[in-house]
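Me: I would like to go through some of the terms used for this model and see what each one rests on.

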Amino acid sequence: MVWGVAAALVANVLYSTGFVLEKRALAGMPPLSAARPGRALLLLAGRPLWICGAVALALGFAAQLAVYRTLPIAAAQGLFLSGLVLLLVLSSLVLGERPSGRERRAVAVIGLALVMVVASLYETSEEISRTAPTGILLALCLPTLAAGLVLYTAAERRARRRHRQPTTGVAYAVAVGLIYGVSSLAIKGVSGHLDTEDLMGSVPAVLASPYPYLLLSTGVSGLVLSQTALQRCRASLIVPVCSTVSCVFSIVSGTIAFDEPLPEDPLRLLLRLGGTVLALTVLLTLPRHETHTPTPEGTRS
């Protein structure tokens, strides 16, 4: 468990650093459009700072593989939320973003949810599943991917309306969070098929499963959509909401698909489920529209 917690913290540092570097690189780029993914990828590939951010995120994904091999998916996702604190600090220092008091309080509550999840892990040993039935996995993932794309498209339509209120980007973040939630399940599936003592020998088993193909599709679509959202809205709002949605989806769907039992002890169960519900409640109460003018280093709506 100790190695899993350590890997989760390393992943958090890499994710927060990667998102901030990408946001910084996006500031001086022409407007990206999710409707033109090829152009968006070419523009991104021409920015060395953005590539550094993308490499940090890729290393974060690699760290996730270690986490999912040592911790249940519900506990792992709870730990990943701790990176939101570092993200807020970096977005303030590097990007000049100033979260509202309401948003800072929301992140503090998410921190409490994290403590609850970690407490449910203390001195416990839980079964860690390596794979999920393909039918159940696809039944959970495909509608979620469709919902994310529909929600993102609806947010794009609203953003083009005249006389609209400046948006915080919550709708964008929820859509990307759903896509990355599916990606988290795919990463867990890949990690379960990898044999650390014979990585090359485990490749055929990985390719015969749906996980790498889900990971590829969510990786490409999530990349384009997340960069478009980051360019238009504050990272200090986009990333926490996206992470919360991804976390909640991964915990609920992952527990079902991989059949990982929840704690039997009533207190541990209360802490695990209570932390998840608390994080989701915070998400639902976040403001949908800006109440102040973004700073020069911030983003436009």
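Reply: A residue is called buried under 20% relative accessible area, exposed over 50% and partly exposed in between, with a 1.4 Å probe and protein chains only. This is a predicted model, in which local features need pLDDT of at least 70 and side-chain atom pairs count only at pLDDT 80 or more, while totals for chains, interfaces and linings use all residues. Residues are numbered from 1 along each chain as its sequence is written, and side-chain values use heavy atoms, with hydrogens and water left out.

Me: Why is Ser 253 called buried?

Reply: Ser 253 has a relative accessible area of 5%, and the limit is under 20%, so Ser 253 counts as buried. Ser 253 is found in helix H11 and, not counting residues up to four places away in sequence, touches Leu 140 and Leu 185, where contact means heavy atoms within 4.5 Å.

Me: What makes Ile 187 count as buried?

Reply: Its relative accessibility is 3%, and therefore Ile 187 counts as buried. Ile 187 lies in helix H8 (residues 170-193), helices being DSSP runs of H or I with at least four residues, numbered from the N terminus.

Me: Why is H7 called roughly antiparallel to H11?

Reply: Helix H7 (residues 134-159) and helix H11 (residues 235-257) pack at an angle of about 155°, with their axes 9 Å apart. Angles under 35 degrees count as roughly parallel, over 145 as roughly antiparallel, 65 to 115 as roughly perpendicular and the rest as oblique, so H7 is roughly antiparallel to H11.

Conventions: Axes are lines fitted to C-alpha atoms, for helices over the stretch in contact, and angles run from 0 to 180 degrees between N-to-C directions. Helices (H or I, at least four residues) and strands (E, at least two) are DSSP runs, numbered from the N terminus.
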